[in-house]
Amino acid sequence: MTPETPKFWTLPPGDGRAGPRSRALFTAAQSLIPGGVNSPVRAFRSVGGDPPYIRAAHGAHLLTEDGVTLIDYVGSWGPAILGHAHPAVIEAVTRAAQDGLSFGACAAGEVEFAELLCRVVPALRGGLVRLVSSGTEATMSALRLARGFTGRTKIVKADGGYHGHADMLLVAAGSGAATLGIPGSGGVPEATVHDTLTVPFNDAEAFARVLAENPGQVAAIIIEPVAGNMGCVPPQPGYLQRLRELCSEHGTLLILDEVMTGFRVAFGGAHARYGVTPDLVCLGKIVGGGMPCGAYGGRRDIMQQIAPLGPVYQAGTLSGNPLAVAAGLATLGLLEREDPYAQLEAASAALVDGIAARAARHGVPMVGNRVGAMFTGFFRAGEVHNYDDAKGSDLAAFGRFHGEMLARGVYLAPSQFEAAFLSTAHDAGVIEHTLQAADEALAIVARHA
């Protein structure tokens, strides 16, 4: 039975800064959990203050443990494209849960979900897909598969690109020409990332140089078609197409990490939007409808190397979990039937253009990047096309803006280098409240410049 819709979301947004209950919970958490959080960015260290604790979410709104309603632009870091707790998704998960939470065995829902993905995701048409439980699992598995299929060892990623916390992908951000990987985390031996190379995002010719300098050695390049972990950075015209050409010329696999962009910037993914078909695609976030779920797949001849068909091993107890599959089927089914992408594009444009106009009026340097329902306002003058550009942002200004927006009931990601997301639940009233809050917050930023 579908739970009754909560009423908190009808209340006006309030001051979302951590109140007594949130502060008490965070204090307790710090004695039990490293840093008090189960994912580092949640600690608010880059913006200051303590994090508000969330009790519930519905539509475009959150309810904090201090009883305050917030407008949410984090969206569970991307999955909530239909808004939180969409009734159809909740009903699907509730119905599935009545039959059991996990089987560790084959189930009909896996087949239905795979059929849907292989029908609507261009990279999967005619190919195969494997379900996993997270984006990190999807990317690390795709890269192991790429090495197994090609017999090569080196991989290439973009400077500033994040593809999960697998050892080989935790490489320090670099700049300029491609460099040999250097561990960007404790506990990662240099040998583990020795074969991970980095190139600047939006610089296809840097990738061409890597291929020329490492002939026959590069198994794959993994890239977000729209970068989201340096903030939202769209691909320059022709960039993805040139990567496709270079990979085909050199026998290197093109892996598109669409954990964030899949079904967010277009139905079927960013590669559907830009007309570039990768050899392998990694999916997550939206495909699980808010439940832990990921997938990777692509060309049949490559995917046939995965066990039990081939020698590349990958397994997972909760892969194809029936609750995650039910949420994913409900979410993607709604997106296909309702086709909200024009609505999302218009809302995104109104929001980002409106904030940028207010920043200009207050004399605050800001450039707004957006694609579909993801966006970032970078506190800097000039365009942002790569990680070096993004790092030129005024982090103090962003931190002040973040705090002032939170005080006015708007919950943004606590990092300049994280994309923001909106949903079909972000209606005109929500956008208008956000713009008014931004106008007031930017006025304060300007006074402290």
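Student: What should I know about the model before reading on?
Tutor: It is predicted: local features need pLDDT of at least 70, side-chain atom pairs count only at pLDDT 80 or more, and totals for chains, interfaces and linings use all residues. Residues are numbered from 1 along each chain as its sequence is written, and side-chain values use heavy atoms, without hydrogens or water.

Student: How do you know whether the radius of gyration agrees with a compact globule?
Tutor: Set the value against the rule. The rule is 2.2 Å times the number of residues to the power 0.38, over C-alpha atoms. For 449 residues that gives a value near 22 Å; the chain has 22 Å, so the two agree.

Student: What makes Arg 244 and Asp 279 a salt bridge?
Tutor: The term needs a side-chain nitrogen of Lys or Arg within 4 Å of a carboxyl oxygen of Asp or Glu. Here N to O is 3.0 Å, so the pair qualifies. Arg 244 sits in helix 7, and Asp 279 in the loop between helix 8 and strand 10, 35 residues apart. Helices (H or I, at least four residues) and strands (E, at least two) are DSSP runs, numbered from the N terminus.

Student: Which class does Arg 299 fall into, and how do you know?
Tutor: Its relative accessible area is 32%, so Arg 299 is partly exposed. Arg 299 also forms a salt bridge with Asp 279, with the closest N and O atoms 3.0 Å apart.

Student: How do you classify Arg 361 and Asp 439?
Tutor: Arg 361 is at 55%, so Arg 361 is exposed. Asp 439 is at 19%, therefore buried. Their closest N and O atoms are 2.9 Å apart, in a salt bridge. Arg 361 is in helix 11 and Asp 439 in helix 14, so the pair ties parts 78 residues apart in sequence.

Student: How many salt bridges does the structure hold?
Tutor: The total is 18.

Conventions
Buried < 20%, exposed > 50% of the residue type's maximum accessible area, 1.4 Å probe, protein only.
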